[in-house]
2 protein chains.
Amino acid sequence: MVNTGRRPGNRDTREEIVAAARATFAEQGYVGATMRGIARRAGVDQALVHHYFKNKAGLFMAVAGLRHDPRQTFEAVQQSADPGETMVRGFLDTFEPRQKKDPSPFLVTAQAVSASREVADAYREFLAKRVWSRIPAHERGAPQALITAQLWGLAFARYVLRVEPLADASVDQVVEWVAPQVTALLMGLGRPRWP
Amino acid sequence: MVNTGRRPGNRDTREEIVAAARATFAEQGYVGATMRGIARRAGVDQALVHHYFKNKAGLFMAVAGLRHDPRQTFEAVQQSADPGETMVRGFLDTFEPRQKKDPSPFLVTAQAVSASREVADAYREFLAKRVWSRIPAHERGAPQALITAQLWGLAFARYVLRVEPLADASVDQVVEWVAPQVTALLMGLGRPRWP
(Lines give C-alpha, C1' and ligand atoms only; values in the text may rest on other atoms or scores of the structure.)
Protein backbone atom coordinates (compact mmCIF):
# COMPACT_ATOMS: atom_id res chain seq x y z
CA MET A 1 0.00 0.00 0.00
CA VAL A 2 1.20 3.47 -0.78
CA ASN A 3 2.10 5.24 2.43
CA THR A 4 -0.44 8.03 2.71
CA GLY A 5 -0.33 8.25 6.49
CA ARG A 6 -3.84 6.77 6.72
CA ARG A 7 -4.63 3.47 8.36
CA PRO A 8 -6.01 0.97 5.88
CA GLY A 9 -9.70 0.13 6.18
CA ASN A 10 -11.03 3.34 7.61
CA ARG A 11 -14.07 5.14 6.34
CA ASP A 12 -12.14 7.83 4.48
CA THR A 13 -10.20 5.26 2.49
CA ARG A 14 -13.37 3.53 1.36
CA GLU A 15 -14.91 6.82 0.30
CA GLU A 16 -11.78 7.84 -1.54
CA ILE A 17 -11.87 4.61 -3.49
CA VAL A 18 -15.51 5.24 -4.42
CA ALA A 19 -14.66 8.80 -5.51
CA ALA A 20 -11.74 7.55 -7.61
CA ALA A 21 -13.99 4.90 -9.15
CA ARG A 22 -16.70 7.44 -9.95
CA ALA A 23 -14.20 9.63 -11.80
CA THR A 24 -12.65 6.66 -13.60
CA PHE A 25 -15.98 5.17 -14.74
CA ALA A 26 -17.02 8.60 -16.04
CA GLU A 27 -13.77 9.03 -17.97
CA GLN A 28 -13.21 5.52 -19.29
CA GLY A 29 -16.61 3.83 -19.17
CA TYR A 30 -17.41 0.62 -17.35
CA VAL A 31 -15.51 -1.64 -19.74
CA GLY A 32 -12.44 0.59 -19.96
CA ALA A 33 -12.01 1.15 -16.23
CA THR A 34 -9.71 -1.25 -14.34
CA MET A 35 -9.38 -2.07 -10.65
CA ARG A 36 -5.67 -1.30 -10.93
CA GLY A 37 -6.29 2.16 -12.40
CA ILE A 38 -8.86 2.97 -9.74
CA ALA A 39 -6.51 1.82 -6.95
CA ARG A 40 -3.70 3.95 -8.34
CA ARG A 41 -5.97 6.98 -8.58
CA ALA A 42 -7.11 6.50 -4.98
CA GLY A 43 -3.51 6.00 -3.83
CA VAL A 44 -4.17 2.59 -2.29
CA ASP A 45 -3.09 -0.98 -2.93
CA GLN A 46 -5.24 -2.87 -5.41
CA ALA A 47 -5.77 -5.66 -2.87
CA LEU A 48 -7.57 -3.20 -0.62
CA VAL A 49 -10.00 -2.32 -3.43
CA HIS A 50 -10.75 -6.04 -3.90
CA HIS A 51 -11.12 -6.43 -0.14
CA TYR A 52 -13.79 -3.74 0.05
CA PHE A 53 -15.63 -4.26 -3.22
CA LYS A 54 -14.73 -7.75 -4.43
CA ASN A 55 -14.73 -6.88 -8.13
CA LYS A 56 -15.42 -4.14 -10.66
CA ALA A 57 -19.16 -4.81 -10.61
CA GLY A 58 -19.22 -4.37 -6.84
CA LEU A 59 -17.35 -1.10 -7.15
CA PHE A 60 -19.76 0.14 -9.81
CA MET A 61 -22.69 -0.80 -7.60
CA ALA A 62 -21.22 1.29 -4.78
CA VAL A 63 -20.82 4.25 -7.14
CA ALA A 64 -24.34 3.88 -8.53
CA GLY A 65 -26.04 3.29 -5.17
CA LEU A 66 -27.21 -0.21 -6.17
CA ARG A 67 -27.99 -2.38 -3.17
CA HIS A 68 -28.14 -5.67 -5.10
CA ASP A 69 -26.29 -7.11 -8.05
CA PRO A 70 -28.69 -7.04 -11.02
CA ARG A 71 -27.12 -10.29 -12.22
CA GLN A 72 -28.54 -12.06 -9.17
CA THR A 73 -31.98 -10.71 -9.96
CA PHE A 74 -31.59 -11.86 -13.55
CA GLU A 75 -30.62 -15.37 -12.46
CA ALA A 76 -33.59 -15.51 -10.09
CA VAL A 77 -35.85 -14.39 -12.95
CA GLN A 78 -34.55 -17.21 -15.16
CA GLN A 79 -35.56 -19.77 -12.55
CA SER A 80 -38.82 -18.19 -11.46
CA ALA A 81 -42.33 -19.50 -12.10
CA ASP A 82 -43.43 -15.85 -12.25
CA PRO A 83 -40.55 -14.01 -13.93
CA GLY A 84 -42.31 -10.62 -14.14
CA GLU A 85 -43.00 -10.61 -10.41
CA THR A 86 -39.46 -11.72 -9.58
CA MET A 87 -37.99 -9.00 -11.77
CA VAL A 88 -40.14 -6.15 -10.45
CA ARG A 89 -39.60 -7.25 -6.84
CA GLY A 90 -35.84 -7.57 -7.32
CA PHE A 91 -35.70 -4.13 -8.90
CA LEU A 92 -37.70 -2.51 -6.10
CA ASP A 93 -35.54 -4.27 -3.47
CA THR A 94 -32.59 -2.42 -4.95
CA PHE A 95 -34.10 1.02 -4.63
CA GLU A 96 -36.69 1.05 -1.84
CA PRO A 97 -35.62 3.49 0.90
CA ARG A 98 -34.82 1.82 4.23
CA GLN A 99 -37.26 4.11 5.98
CA LYS A 100 -40.49 5.25 4.34
CA LYS A 101 -39.55 8.92 4.81
CA ASP A 102 -36.02 8.63 3.41
CA PRO A 103 -35.22 9.46 -0.20
CA SER A 104 -34.64 6.44 -2.44
CA PRO A 105 -31.08 5.62 -3.53
CA PHE A 106 -32.55 5.78 -7.04
CA LEU A 107 -32.38 9.59 -6.78
CA VAL A 108 -28.58 9.45 -6.75
CA THR A 109 -28.60 7.18 -9.80
CA ALA A 110 -31.09 9.35 -11.69
CA GLN A 111 -29.15 12.52 -10.92
CA ALA A 112 -25.84 11.01 -11.95
CA VAL A 113 -26.95 9.54 -15.29
CA SER A 114 -29.01 12.56 -16.33
CA ALA A 115 -26.27 15.04 -15.41
CA SER A 116 -23.47 13.32 -17.36
CA ARG A 117 -23.52 11.50 -20.67
CA GLU A 118 -20.34 9.69 -19.64
CA VAL A 119 -21.96 8.33 -16.49
CA ALA A 120 -25.01 7.25 -18.51
CA ASP A 121 -22.68 5.45 -20.94
CA ALA A 122 -20.94 3.68 -18.05
CA TYR A 123 -24.27 2.64 -16.57
CA ARG A 124 -25.46 1.21 -19.88
CA GLU A 125 -22.15 -0.64 -20.32
CA PHE A 126 -22.52 -2.05 -16.83
CA LEU A 127 -25.99 -3.42 -17.62
CA ALA A 128 -24.80 -4.78 -20.97
CA LYS A 129 -21.76 -6.50 -19.52
CA ARG A 130 -23.29 -7.71 -16.27
CA VAL A 131 -26.80 -8.71 -17.32
CA TRP A 132 -27.62 -8.53 -21.02
CA SER A 133 -24.51 -10.44 -22.06
CA ARG A 134 -26.15 -13.49 -20.47
CA ILE A 135 -28.95 -13.42 -23.03
CA PRO A 136 -27.99 -15.43 -26.14
CA ALA A 137 -26.96 -12.98 -28.86
CA HIS A 138 -29.68 -14.02 -31.29
CA GLU A 139 -32.35 -13.33 -28.66
CA ARG A 140 -31.19 -9.85 -27.73
CA GLY A 141 -33.22 -6.96 -29.01
CA ALA A 142 -36.16 -4.81 -28.08
CA PRO A 143 -37.30 -6.76 -24.98
CA GLN A 144 -34.40 -5.91 -22.71
CA ALA A 145 -34.59 -2.26 -23.77
CA LEU A 146 -38.35 -2.14 -23.17
CA ILE A 147 -37.99 -3.85 -19.79
CA THR A 148 -35.27 -1.37 -18.83
CA ALA A 149 -37.64 1.44 -19.82
CA GLN A 150 -40.49 -0.13 -17.86
CA LEU A 151 -38.45 -0.48 -14.64
CA TRP A 152 -36.75 2.91 -14.86
CA GLY A 153 -40.08 4.58 -15.50
CA LEU A 154 -41.54 2.83 -12.47
CA ALA A 155 -38.65 4.07 -10.32
CA PHE A 156 -38.95 7.58 -11.71
CA ALA A 157 -42.68 7.77 -11.06
CA ARG A 158 -42.44 6.22 -7.57
CA TYR A 159 -39.25 7.77 -6.18
CA VAL A 160 -38.64 10.99 -8.12
CA LEU A 161 -41.96 12.38 -9.41
CA ARG A 162 -43.81 10.59 -6.58
CA VAL A 163 -47.00 10.19 -8.57
CA GLU A 164 -49.90 8.76 -6.57
CA PRO A 165 -51.00 6.05 -6.13
CA LEU A 166 -47.61 4.64 -7.19
CA ALA A 167 -45.60 6.63 -4.66
CA ASP A 168 -47.32 5.41 -1.49
CA ALA A 169 -48.44 1.95 -2.62
CA SER A 170 -46.89 -1.10 -0.96
CA VAL A 171 -44.27 -3.10 -2.83
CA ASP A 172 -46.83 -5.92 -3.17
CA GLN A 173 -49.33 -3.56 -4.77
CA VAL A 174 -46.77 -2.16 -7.20
CA VAL A 175 -45.72 -5.68 -8.15
CA GLU A 176 -49.37 -6.53 -8.81
CA TRP A 177 -49.72 -3.51 -11.13
CA VAL A 178 -46.46 -3.74 -13.03
CA ALA A 179 -45.46 -7.42 -13.13
CA PRO A 180 -48.03 -8.38 -15.81
CA GLN A 181 -46.55 -5.82 -18.21
CA VAL A 182 -43.04 -7.10 -17.57
CA THR A 183 -44.15 -10.72 -17.93
CA ALA A 184 -45.79 -9.85 -21.26
CA LEU A 185 -42.50 -8.37 -22.48
CA LEU A 186 -40.52 -11.35 -21.21
CA MET A 187 -42.80 -14.02 -22.62
CA GLY A 188 -44.81 -12.49 -25.40
CA LEU A 189 -42.20 -11.59 -27.95
CA GLY A 190 -41.49 -14.96 -29.47
CA ARG A 191 -38.54 -15.59 -27.20
CA PRO A 192 -39.60 -18.54 -25.09
CA ARG A 193 -36.01 -19.22 -24.03
CA TRP A 194 -35.63 -15.74 -22.62
CA PRO A 195 -35.59 -15.87 -19.75
CA MET B 1 -43.49 48.20 -16.60
CA VAL B 2 -40.88 48.84 -13.97
CA ASN B 3 -38.16 51.04 -15.42
CA THR B 4 -35.12 48.82 -15.46
CA GLY B 5 -33.39 50.56 -18.35
CA ARG B 6 -34.03 47.57 -20.63
CA ARG B 7 -36.18 47.68 -23.70
CA PRO B 8 -39.16 45.35 -23.40
CA GLY B 9 -39.17 42.26 -25.55
CA ASN B 10 -35.49 41.56 -25.86
CA ARG B 11 -33.91 38.19 -25.32
CA ASP B 12 -32.53 38.95 -21.89
CA THR B 13 -35.95 39.93 -20.60
CA ARG B 14 -37.46 36.65 -21.75
CA GLU B 15 -34.68 34.67 -20.11
CA GLU B 16 -34.99 36.63 -16.89
CA ILE B 17 -38.70 35.83 -16.77
CA VAL B 18 -37.91 32.13 -17.25
CA ALA B 19 -35.30 32.28 -14.49
CA ALA B 20 -37.74 34.03 -12.15
CA ALA B 21 -40.39 31.43 -12.99
CA ARG B 22 -37.98 28.55 -12.34
CA ALA B 23 -37.18 29.91 -8.88
CA THR B 24 -40.82 30.63 -8.09
CA PHE B 25 -42.10 27.19 -9.19
CA ALA B 26 -39.39 25.55 -7.10
CA GLU B 27 -40.29 27.62 -4.03
CA GLN B 28 -44.06 27.69 -4.27
CA GLY B 29 -44.99 24.75 -6.48
CA TYR B 30 -47.02 24.94 -9.65
CA VAL B 31 -50.32 25.69 -7.95
CA GLY B 32 -48.90 28.28 -5.54
CA ALA B 33 -46.94 30.28 -8.12
CA THR B 34 -48.69 33.26 -9.73
CA MET B 35 -48.00 35.19 -12.91
CA ARG B 36 -48.01 38.39 -10.83
CA GLY B 37 -45.40 37.05 -8.40
CA ILE B 38 -43.18 35.86 -11.24
CA ALA B 39 -43.46 39.23 -13.02
CA ARG B 40 -42.56 41.07 -9.83
CA ARG B 41 -39.56 38.83 -9.23
CA ALA B 42 -38.35 39.37 -12.81
CA GLY B 43 -38.91 43.14 -12.47
CA VAL B 44 -41.24 43.36 -15.48
CA ASP B 45 -44.87 44.18 -16.07
CA GLN B 46 -47.24 41.22 -15.77
CA ALA B 47 -48.64 41.96 -19.25
CA LEU B 48 -45.23 41.26 -20.71
CA VAL B 49 -45.19 37.82 -19.07
CA HIS B 50 -48.60 37.07 -20.61
CA HIS B 51 -47.38 38.40 -23.94
CA TYR B 52 -44.46 35.97 -24.03
CA PHE B 53 -45.94 32.89 -22.38
CA LYS B 54 -49.73 33.32 -22.55
CA ASN B 55 -50.44 31.70 -19.18
CA LYS B 56 -48.88 29.85 -16.24
CA ALA B 57 -48.89 26.54 -18.12
CA GLY B 58 -46.97 28.13 -21.00
CA LEU B 59 -44.44 29.53 -18.56
CA PHE B 60 -44.01 26.16 -16.87
CA MET B 61 -43.51 24.52 -20.26
CA ALA B 62 -40.71 27.01 -21.01
CA VAL B 63 -39.07 26.21 -17.67
CA ALA B 64 -39.41 22.46 -18.15
CA GLY B 65 -38.31 22.40 -21.78
CA LEU B 66 -41.69 21.06 -22.99
CA ARG B 67 -42.30 21.74 -26.66
CA HIS B 68 -46.01 20.89 -26.59
CA ASP B 69 -48.81 21.34 -24.11
CA PRO B 70 -49.59 17.88 -22.68
CA ARG B 71 -53.25 18.92 -22.48
CA GLN B 72 -53.38 19.03 -26.29
CA THR B 73 -51.94 15.52 -26.48
CA PHE B 74 -54.50 14.37 -23.93
CA GLU B 75 -57.36 15.88 -25.94
CA ALA B 76 -56.06 14.23 -29.11
CA VAL B 77 -55.88 10.91 -27.25
CA GLN B 78 -59.50 11.25 -26.17
CA GLN B 79 -60.60 11.57 -29.81
CA SER B 80 -58.22 9.05 -31.30
CA ALA B 81 -59.13 5.68 -32.79
CA ASP B 82 -55.73 4.45 -31.53
CA PRO B 83 -55.20 6.23 -28.21
CA GLY B 84 -51.99 4.43 -27.29
CA GLU B 85 -50.34 5.42 -30.55
CA THR B 86 -51.54 9.01 -30.26
CA MET B 87 -50.21 9.28 -26.73
CA VAL B 88 -46.77 7.80 -27.42
CA ARG B 89 -46.38 9.88 -30.58
CA GLY B 90 -47.44 13.08 -28.81
CA PHE B 91 -45.02 12.38 -25.98
CA LEU B 92 -42.11 11.72 -28.34
CA ASP B 93 -42.95 14.88 -30.34
CA THR B 94 -42.35 16.82 -27.13
CA PHE B 95 -38.89 15.45 -26.50
CA GLU B 96 -37.33 14.32 -29.80
CA PRO B 97 -34.20 16.38 -30.50
CA ARG B 98 -34.48 18.62 -33.59
CA GLN B 99 -31.31 17.07 -34.99
CA LYS B 100 -30.48 13.42 -34.50
CA LYS B 101 -27.12 14.32 -32.90
CA ASP B 102 -28.49 16.90 -30.47
CA PRO B 103 -29.34 16.01 -26.88
CA SER B 104 -33.04 15.69 -26.15
CA PRO B 105 -34.78 18.45 -24.17
CA PHE B 106 -35.82 15.59 -21.88
CA LEU B 107 -32.32 15.71 -20.37
CA VAL B 108 -33.04 19.13 -18.90
CA THR B 109 -36.32 17.89 -17.46
CA ALA B 110 -34.75 14.73 -16.01
CA GLN B 111 -31.88 16.69 -14.45
CA ALA B 112 -34.18 19.28 -12.93
CA VAL B 113 -36.69 16.89 -11.35
CA SER B 114 -34.08 14.46 -10.04
CA ALA B 115 -31.90 17.22 -8.57
CA SER B 116 -34.67 18.97 -6.63
CA ARG B 117 -37.63 17.57 -4.77
CA GLU B 118 -39.35 20.94 -5.10
CA VAL B 119 -39.03 20.91 -8.88
CA ALA B 120 -40.36 17.34 -8.95
CA ASP B 121 -43.32 18.46 -6.84
CA ALA B 122 -44.00 21.35 -9.21
CA TYR B 123 -43.81 19.03 -12.22
CA ARG B 124 -46.26 16.59 -10.67
CA GLU B 125 -48.62 19.44 -9.76
CA PHE B 126 -48.41 20.71 -13.33
CA LEU B 127 -49.42 17.29 -14.70
CA ALA B 128 -52.19 16.96 -12.11
CA LYS B 129 -53.62 20.40 -12.79
CA ARG B 130 -53.15 20.50 -16.54
CA VAL B 131 -53.94 16.92 -17.57
CA TRP B 132 -55.16 14.55 -14.87
CA SER B 133 -57.77 16.99 -13.59
CA ARG B 134 -59.61 16.33 -16.86
CA ILE B 135 -60.17 12.70 -15.91
CA PRO B 136 -63.40 12.31 -13.91
CA ALA B 137 -62.48 11.94 -10.23
CA HIS B 138 -63.99 8.48 -9.86
CA GLU B 139 -61.86 7.20 -12.75
CA ARG B 140 -58.52 8.50 -11.49
CA GLY B 141 -56.14 5.96 -10.06
CA ALA B 142 -53.39 3.65 -11.06
CA PRO B 143 -53.68 4.05 -14.87
CA GLN B 144 -52.45 7.62 -15.13
CA ALA B 145 -49.56 6.83 -12.77
CA LEU B 146 -48.62 3.70 -14.73
CA ILE B 147 -48.84 5.56 -18.05
CA THR B 148 -46.65 8.32 -16.64
CA ALA B 149 -44.16 5.64 -15.58
CA GLN B 150 -44.34 4.01 -19.00
CA LEU B 151 -43.64 7.24 -20.91
CA TRP B 152 -40.95 8.54 -18.57
CA GLY B 153 -39.21 5.18 -18.69
CA LEU B 154 -39.31 5.26 -22.48
CA ALA B 155 -37.77 8.75 -22.49
CA PHE B 156 -35.14 7.73 -19.96
CA ALA B 157 -34.11 4.64 -21.92
CA ARG B 158 -34.12 6.45 -25.29
CA TYR B 159 -32.66 9.85 -24.44
CA VAL B 160 -30.64 9.41 -21.23
CA LEU B 161 -29.40 5.82 -20.95
CA ARG B 162 -29.58 5.46 -24.76
CA VAL B 163 -30.25 1.73 -24.65
CA GLU B 164 -30.27 0.06 -28.06
CA PRO B 165 -32.35 -0.64 -30.03
CA LEU B 166 -34.58 2.03 -28.41
CA ALA B 167 -32.07 4.84 -28.75
CA ASP B 168 -31.61 4.73 -32.52
CA ALA B 169 -35.01 3.39 -33.58
CA SER B 170 -37.32 5.62 -35.62
CA VAL B 171 -40.29 7.24 -33.91
CA ASP B 172 -42.57 4.91 -35.91
CA GLN B 173 -40.70 1.87 -34.62
CA VAL B 174 -40.84 3.07 -31.02
CA VAL B 175 -44.56 3.74 -31.35
CA GLU B 176 -45.03 0.20 -32.67
CA TRP B 177 -43.20 -1.24 -29.65
CA VAL B 178 -44.68 0.87 -26.88
CA ALA B 179 -48.18 1.88 -28.00
CA PRO B 180 -49.73 -1.57 -27.32
CA GLN B 181 -48.64 -1.38 -23.68
CA VAL B 182 -50.09 2.13 -23.31
CA THR B 183 -53.32 1.12 -25.05
CA ALA B 184 -53.63 -1.83 -22.67
CA LEU B 185 -53.31 0.54 -19.70
CA LEU B 186 -55.77 3.00 -21.21
CA MET B 187 -58.40 0.44 -22.15
CA GLY B 188 -57.84 -2.65 -20.10
CA LEU B 189 -58.48 -1.43 -16.60
CA GLY B 190 -62.24 -1.28 -16.57
CA ARG B 191 -62.28 2.40 -17.42
CA PRO B 192 -63.91 2.51 -20.85
CA ARG B 193 -64.62 6.24 -20.54
CA TRP B 194 -60.96 7.04 -20.02
CA PRO B 195 -59.95 8.28 -22.41
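Tutor: Let us begin with one residue: B:Glu27 counts as exposed, at 55% relative accessibility (buried means under 20% relative accessible area, exposed over 50%, partly exposed in between, with a 1.4 Å probe and protein chains only). This is a predicted model, in which local features need pLDDT of at least 70 and side-chain atom pairs count only at pLDDT 80 or more, while totals for chains, interfaces and linings use all residues. Residues are numbered from 1 along each chain as its sequence is written, chains are lettered from A in the order in which they are written, and side-chain values use heavy atoms, without hydrogens and water.

Student: Which residue forms a salt bridge with B:Glu27?

Tutor: A salt bridge is a side-chain nitrogen of Lys or Arg within 4 Å of a carboxyl oxygen of Asp or Glu. Here the partner is B:Arg41, with the closest N and O atoms 2.8 Å apart. B:Arg41 is partly exposed at 42% relative accessibility.

Student: Where do A:Asp121 and B:Arg162 meet?

Tutor: Their side chains form a salt bridge of 2.6 Å, N to O. A:Asp121 lies in helix H8 of chain A and B:Arg162 in the loop between helix H9 (142-160) and helix H10 (171-187) of chain B, so the pair joins two chains. Helices are DSSP runs (H or I, at least four residues), numbered from the N terminus.
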